[in-house]
Amino acid sequence: MLAAHRVHADAGGRVLLRDVCVQIVPGRLTCLVGPNGAGKSSLLRVLAGDLPAGAGTVEMNGTSLSAWPLRLRARSRAVLSQSVEVAFGMRALDVVLLGRIPHQAYAGDSSEQVLALRELARVGMSGMAQRRYSTLSGGEKQRVQLARCLVQIGRRARNEAAYLLLDEPTAALDLRQQHATLRLLRRRARTGIGVLVIVHDLALAAAFADHVAVLDRGRIVVAGAPHEALRPDVIGEVFGVRVRMLRSRTSPRMLPVAVPGAPRRTEAARTHSAALQVEPTVSLPATRQPSGTAVAAPEPAEPARLVSEVAPRLEPDVSR
Amino acid sequence: MNGAGVPAWRLVGRAGAAREPMSDAGVRTLLLVCCAGVALLSLAAGAVAITPADIARIVAGSAGIGEAGSGDAALRAVLLHIRMPRVVLAATVGATLGICGAGLQGMFRNPLADPALIGVSAGAAVAVVIVTVAGNWIDPGGRLGLTLPSIAGFVGALATVSLVHRISLRSDRTVITTMLLAGIGVNALAGAITALLVHFATDAQVRSILFWTMGSLSGASWKLVAVAIPVLAVSALMLMPLHRALDAMMLGESEAGYLGIDVEATKRRILRGASLGVAMAVAATGVIGFVALVAPRLMRLLCGPGHRQTMAGSLCIGAILLMASDLGARTLAAPAELPVGALTALAGAPLLLWLLRPQREAELEP
């Protein structure tokens with residue numbers, strides 16, 4: 001498990017993260033959502049070990065992140081940044097092969113190329129392996145970089161947990177590719193990889209995530225199963241938009257869709273958000289922090305009713 | 001290079017606009033043949049022509065094989081004491097410039113980076129001008145002679161790079177953009193100091209300063225070679241193991257960090273290794289431009305962007321370029337000698353412009 005516990009982070013006097021707890025569990029696809037500037041990328045960098053946490057601990061597989069040798073750490077977790085430009089004229093396949101740098105056989109083995117080509121095919125880029133990276137479109141570049149990350153944590157021993165930390169991998173992708181990418185990530189998670197994905201499309205998060213954490217102004221506002229975390233009142237409070245929950249015939253999940261108009265700020269939502277301000281560090285499993293159950297537990301207050309209004313019959317996630 | 005025989009950069013099949021790089025073995029053979037050919041030509045050609053057969057006989061004779069003392073004594077003297085140290089020094093300095101250029105371009109993530117960017121040549125120039133102008137006070141008897149500017153150039157180059165590096169440190173992190181700007185500032189400052197000092201120099205001193213800034217291998221001696229080769233070895237041994245880190249840094253510094261590379265240590269080592277090598281080169285021969293810029297570029301054209309090949313090949317290409325330029329410098333206007341720095345620029349600049357053609361740009365540029 002890759003876990004941040006009560007993490008604070010700041011840069012130049014500006015607080016980026018306050019008292020954040022998240023757990024990236026192998027086998028689970030976790031989506032991190034939140035408004036611009038909420039601290040999503042900072043949290044990802046803290047989990048990657050790139051940004052040192054001012055307070056709190058980050059542990060990977062039970063060992064503090066800073067105690068991991070750099071190269072071994074890189075074998076167990078890959079990070080995809082928002083956009084990556086490459087110096088010098090490299091082909092897409094060259095870029096993917098860079099993912100093997102933490103491993104012994106880097107560039108010395110033709111089976112590495114087979115692995116790279118296979119991952120390129122998985123992200124739907126098999127025809128472009130020989131193309132210059134600089135001539136690819138933004139979305140194609142992102143998929144090549146995703147393939148590089150998959151190659152980086154590829155070929156692990158059995159039972160060895162690995163992690164993928166992805167900062168908006170779907171930002172430049174078309175609708176079809178967005179869904180294909182998240183399907184791929186969920187499938188990959190099932191092979192024992194903990195996946196954290198930052199996304200802006202809440203419907204995408206609701207449709208594919210096993211677990212959703214909502215970050216706002218450096219705090220985790222709510223974390224839990226998609227139907228618990230992505231409720232209209234929470235979204236209205238955090239993003240300031242009105243949301244309708246859409247039920248699709250092909251999925252048992254309720255998908256939030258933004259609609260024009262001010263968010264419904266019911267009395268309930270206000271008290272709810274006040275409660276959230278008091279207990280901002282909600283994380284799963286709830287046993288870790290007893291107060292964390294506040295969101296998931298059926299409160300007598302309005303929020304629960306708000307959810308049941310639009311989602312009267314929540315069916316279990318059958319996507320597994 | 002690559003023992004397994006399948007380099008990452010040589011890719012299966014041929015598709016799209018991308019140009020297929022040559023195979024590793026092919027490039028190695030090509031470079032070694034070129035290197036040997038240019039070296040032999042350099043030894044043979046000059047004011048006194050020496051046939052390859054004579055070269056072989058003299059070298060064998062001095063090594064104790066065959067009849068010792070055979071052949072013309074004058075020919076022997078020319079080959080062993082004038083021409084050979086010069087060719088070896090040209091190869092050494094060229095190789096040093098090549099590998100240092102490759103390392104610095106990798107660190108700056110820019111195929112147009114050059115050691116001059118970080119103030120090596122400007123700093124060496126200031127020091128050399130100081131000792132040239134003030135030489136009469138420092139070394140009135142001229143006992144230190146030729147080595148004084150060399151030592152000054154070496155020290156000046158290293159001092160300037162460490163100054164530029166220090167300016168670019170932000171809480172122990174080397175900030176590359178700051179380093180570029182600091183390099184520009186220090187270059188300007190050094191240029192101003194040089195200009196002021198030149199103003200106070202005598203005509204003869206101005207002449208020697210001018211020739212120093214255009215580079216020359218005429219000071220070559222076995223003594224100089226004996227210093228230059230170990231420095232090249234140290235520099236290459238510092239840079240070569242960093243090929244993996246430099247490959248990762250093609251993705252950017254934070255991505256390299258995510259790939260398990262200690263980016264700060266890499267940058268420090270590159271700076272140390274490259275400044276040591278370039279300082280030696282400047283001290284030995286004066287300012288020689290373009291070799292450090294063009295050698296890695298040519299190598300990337302041949303083999304793709306992997307740094308193991310780029311750095312190893314730049315050693316070879318740098319040696320070839322400088323030996324060929326010096327051959328031209330000695331023979332084109334014989335008995336006069338052209339400044340070799342001008343020749344490398346004369347050959348290198350058009351080559352660079354040719355490499356910048358639009359269709360090439362599509363292939364090479366980020």
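Two strands pair if DSSP finds at least two bridges between them. Strands (E, at least two residues) and helices (H or I, at least four) are DSSP runs, numbered from the N terminus.

A bit of housekeeping: this is a predicted model, where local features need pLDDT of at least 70, side-chain atom pairs count only at pLDDT 80 or more, and totals for chains, interfaces and linings use all residues. Residues are numbered from 1 along each chain as its sequence is written, and chains are lettered from A and ligands numbered from 1 in the order in which they are written.

Start with chain A and select its open sheet of 6 strands, in the order 6-7-8-3-9-10 with mixed pairing. The edges are strand 6 (77–80) and strand 10, each pairing on one side only.

Click Val79(A): opposite stands Leu165(A) in strand 7 of chain A.

Strand 9 (residues 211–216) and strand 10 of chain A run antiparallel, joined by 5 bridges. Select Val214(A), whose bridge partner in strand 10 of chain A is Val222(A). In this hairpin, with 2 residues between the strands, Arg217(A) takes a positive phi near 45 degrees.

Is strand 10 of chain A largely enclosed or open? In strand 10 (residues 219–224) of chain A, 6 of the 6 residues are buried, so it is largely enclosed by the rest of the structure. Buried means that 20 or more other C-beta atoms, placed from the backbone, lie within 10 Å of a residue's own.

Definitions and conventions:
A residue is buried if 20 or more other C-beta atoms lie within 10 Å of its own, exposed if 12 or fewer, and partly exposed in between; C-beta atoms are placed from the backbone.
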